[in-house]
Amino acid sequence: MNKKIDVLKNGIIKNNPTFRLVLGTCPTLAVTTSAMNGLSMGLATMFVLVCSNVLISLLRSIIPDKVRIPAYILVIATFVIMVEMIMKAFLPDLYSALGLFISLIVVNCIILARAESFANSNTVGLAALDGISMGIGFTLALTLMGFVRELLGAGAITLGSLSLKIPVISDAAMTIFILPAGGFFVFGFLMVIFNVLVNKAEQRKNHKLKEERAEQ
Amino acid sequence: MNFYLVLIINAIFINNFILSQFLGICPFLGVSRKTETALGMGFAVIFVMGIASAITYAVNLLLIEFNVQYLQTIVFILVIAALVQLVEMVIKKFSPSLYSALGVYLPLITTNCAVLGVAIMNVSIFENTSLLISFLNGVASGAGFTLAILILAGIREKLERSTIPEPFKGFPITLICAGIMSMAFAAFSGMTF
């Protein structure tokens, strides 16, 4: 039971795919011009991640070691095509907003990395949990990026048909945050904040351990 | 003639693959510590992108012929993976020195989204595309990638000798440098011919 919780927590903070492992950076920078785009890209990736993790874990004893990478890519590409076709049929607006990057989920390093390092050597249940955890971590990171960029760049947060204008910021919206350069800046600074927070938490943990030892 | 010139300038400067389209960021951040390795990666990418563009263009004609365009993604990625493998074997056989120079970077290119990106762009964005246009666009986009990664590698070599606040070390400062580069390249975006 404990292991399951560990796996589930792993991808969200400790090994967050975006801020800690720095994987899948292309969609992180490219589609996060709004919170909504970030969220939907994250969910699409999560779907592919969970499905491919489960299938690869099921097939792990059948796939020969030598051709495992092409086999993984085939499995991943199948699910990506599914997402692509569903989105094209039911969410055409979103499909045109995300564009090329839906097809490019195939080469998202997070998915291949999890297949190779986790699904390949763990049971189906754990692999599914790992996919969910990494997917949530990725989705949260993308939504946060999109939120910050949209807030500073447009001064309003749009969710579907609902548009919320933020009073002070919308008068002085800085378009640069929507432009490519802003993507790099926001990503860099969010990573700094993430690093500082994680380091502080670790220091506190070490400090506690030392105190406990001193007491003993 | 003019059209081809515009195509090349567009791919290298105006719509630079890394700095304005965000394709191929992983190798851009991963292998830009030294200018030499960055240059090696750049040449490998130009090479593969050029050939991949030409071949995927031809394969796409086949897909259209059989009316199975929805297989595009899966077929393209397989073609690219096979191509990278083939290129690796050919280079190993005929030019061991080039092989050892490119070395580890060749297999990595399979999962470089710039290659798949340019292949899909070639068949979906350009209206009257041809084999030559696809090939040129591939090579020029690869050249844009090389330009960006070389500049960043130069900056990072200098950064190593300067003092940086602890939390900024590594990726964050690199990203911020890339942001400033992207601002510089944004100046090209107003150019029209």
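Biologist: Is E166(B) buried or exposed?

Modeller: E166(B) is exposed, with a relative accessible area of 55%. K169(B) counts as partly exposed at 44%. Buried means under 20% relative accessible area, exposed over 50%, and partly exposed in between, with a 1.4 Å probe and protein chains only.

Biologist: Before I go on, what should I know about the model and the numbering?

Modeller: It is a predicted model, where local features need pLDDT of at least 70, side-chain atom pairs count only at pLDDT 80 or more, and totals for chains, interfaces and linings use all residues; side-chain values use heavy atoms, with hydrogens and water left out. Residues are numbered from 1 along each chain as its sequence is written, while chains are lettered from A and ligands numbered from 1 in the order in which they are written.

Biologist: What pLDDT does chain A average?

Modeller: Chain A averages 86, and 99% of its residues score at least 70. pLDDT is the predictor's confidence in each residue, from 0 to 100. Helices are DSSP runs (H or I, at least four residues), numbered from the N terminus.

Biologist: Back to salt bridges. How many are there over all chains?

Modeller: A search of the whole structure finds four. In chain A, D130(A) pairs with R114(A), the closest N and O atoms being 3.0 Å apart. D130(A) lies in helix 8 (residues 124–154) of chain A and R114(A) in helix 7 (residues 109–117) of chain A, so the pair ties together parts 16 residues apart in sequence.

Biologist: Does that pair sit in a buried or an exposed spot?

Modeller: Both count as buried: D130(A) has 0% relative accessibility and R114(A) has 11%.

Biologist: And which residues does the salt-bridge network join?

Modeller: Shared partners join D65(A), R68(A) and E116(A) into one network. Within it, D65(A) and R68(A) have their closest N and O atoms 4.0 Å apart. D65(A) is exposed at 56% relative accessibility, and R68(A) is partly exposed at 21%.

Biologist: Switching topic: how many residues does each chain bring to the contact?

Modeller: Chain B brings 35 and chain A brings 33, with contact meaning heavy atoms within 4.5 Å. The area buried between them is about 3000 Å², and carbon and sulfur atoms give 88% of that. Buried area is the accessible area (1.4 Å probe) that two parts lose on being put together, summed over both.

Biologist: How many salt bridges cross that interface?

Modeller: The rule finds zero between chain B and chain A.

Biologist: One last spot. Where is A119(B) found, and what does A119(B) touch?

Modeller: A119(B) is found in helix 7 of chain B. A119(B) touches T56(B) and F76(B), not counting residues up to four places away in sequence. A119(B) is also buried, with a relative accessible area of 0%.

Biologist: How far apart are A119(B) and Y105(B)?

Modeller: They are 14 residues apart in sequence and 19 Å apart in space, C-alpha to C-alpha.

Notes: A salt bridge is a side-chain nitrogen of Lys or Arg within 4 Å of a carboxyl oxygen of Asp or Glu. Helices (H or I, at least four residues) and strands (E, at least two) are DSSP runs, numbered from the N terminus.
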